[in-house]
Amino acid sequence: MYMKPSPLVAAQPACRHIIWDWNGTLLQDGAQTMGAVSDAFRTLGIAEVTVPRHQDLFHRPVRDFFDDLAGRRLSDEEHAHLVGMFQRYYADCDLRECVGADTIEALETWASLGFTQSVLSMCPHDELTRSLGDLGLTSYFNRIEGYSGTGPDTKAAHLVAHLAAIEGLDPRSVALIGDTTDDAHAAEAAQIGCILYHSGQSALQSFERVARTGRDIVSSLLEAVALARSGRALPGH
């Protein structure tokens, strides 16, 4: 006997759009990022930045994170020096080493389903678009958005604006795939689904900190895509 779906089931769409985070997620550059932070701090000789220390303390805004690493309030000059040195050391990284088969296969799998995907990153916008172009990934996305240099150094407000800028997008059918607590907080503010990728020793935050968000955690991007497709990570499921 045919039974009409309940209004609750009918009103809940499946996941049809993924918003990807860039650094630490699609670009698996956690080891390179932590190495550049450590090298930058070494130039001031004010703190030793180990992987466990970075994973225990990393959060946004980055200014506050650097203060926590230093164990004191940094001067504006010290902070600017650290940012500049980080950018210098990070620029020496070969980003091609940070894009594995898992990244390409995840993007290909989602595209093959006929659904859309975009990138929202706190990476500077020009750097993000250049990197995606150099790596041949631009064509996968219907919107690419990095940090413009204005607004808060946290993702929540930018995510809300990103969603509004994509025409015809139902937020109930969207999942953010990221790697940090900032991604989880942003998804909560925007009331969309969220899946967190954790890469183990190269992750920017410890597993325990990420787990405290209560979000689903995966160890591969293909697993993240499968979970997004299931709709289980969407609000209301």
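Cysteine 194 is buried, with a relative accessible area of 1%, where buried means under 20% relative accessible area, exposed over 50% and partly exposed in between (1.4 Å probe, protein chains only). The structure described here is a predicted model, in which local features need pLDDT of at least 70 and side-chain atom pairs count only at pLDDT 80 or more, while totals for chains, interfaces and linings use all residues. Residues are numbered from 1 along each chain as its sequence is written, and side-chain values use heavy atoms, with hydrogens and water left out.

The sulfur of cysteine 194 lies 11 Å from the closest cysteine sulfur, that of cysteine 15, which is too far for a bond. The structure holds 0 disulfides, a disulfide being a pair of cysteine sulfur atoms within 2.5 Å.

Turning to the overall fold, the protein chain contains 11 helices and 6 strands; these are DSSP runs numbered from the N terminus, with helices (H or I) of at least four residues and strands (E) of at least two. The radius of gyration is 18 Å, close to the 18 Å that the globule rule gives for 237 residues, so the chain is as compact as a globular protein of that length. Here the radius is taken over C-alpha atoms, and the rule is 2.2 Å times the number of residues to the power 0.38. Along the principal axes, the C-alpha atoms fill a box of roughly 75 × 35 × 30 Å. Of the 237 residues, 44% count as buried. Among contacts (heavy atoms within 4.5 Å) with a separation of 6 or more, 68% come from residues 24 or more positions apart.

In soluble globular proteins, nonpolar side chains tend to be buried together. A nonpolar core is a set of buried Ala, Val, Leu, Ile, Met, Phe, Trp, Tyr and Cys residues joined through side-chain atoms within 4.5 Å. The largest such core has 34 residues, of which Trp20, Trp22, Leu26, Phe141 and Ile195 touch the most other members. Elements giving two or more residues to this core include strand S1 (17-20), helix H6 (101-112), strand S2 (116-124) and helix H11 (221-230). H11 gives the most, with 5 residues. Apart from this core lies another, of 16 residues, among them Ile19, Leu120, Ala184 and Ala186. Beyond its neighbours within four places in sequence, tryptophan 22 is in contact with residues including Val119, Leu120, Cys123, Leu128 and Leu137.

Which residues of H6 are buried? They are Thr103, Ala106, Leu107 and Trp110. These cover an arc of only 95° around the axis, which puts them on the same side of H6; the arc is that of the directions from the helix axis to the C-beta atoms. What covers the buried residues of H6 includes S1, S2 and H11. The face turned away from the buried side carries the exposed residues Ala101 and Ser112. Glycine 114, with a positive phi near 85°, follows H6.
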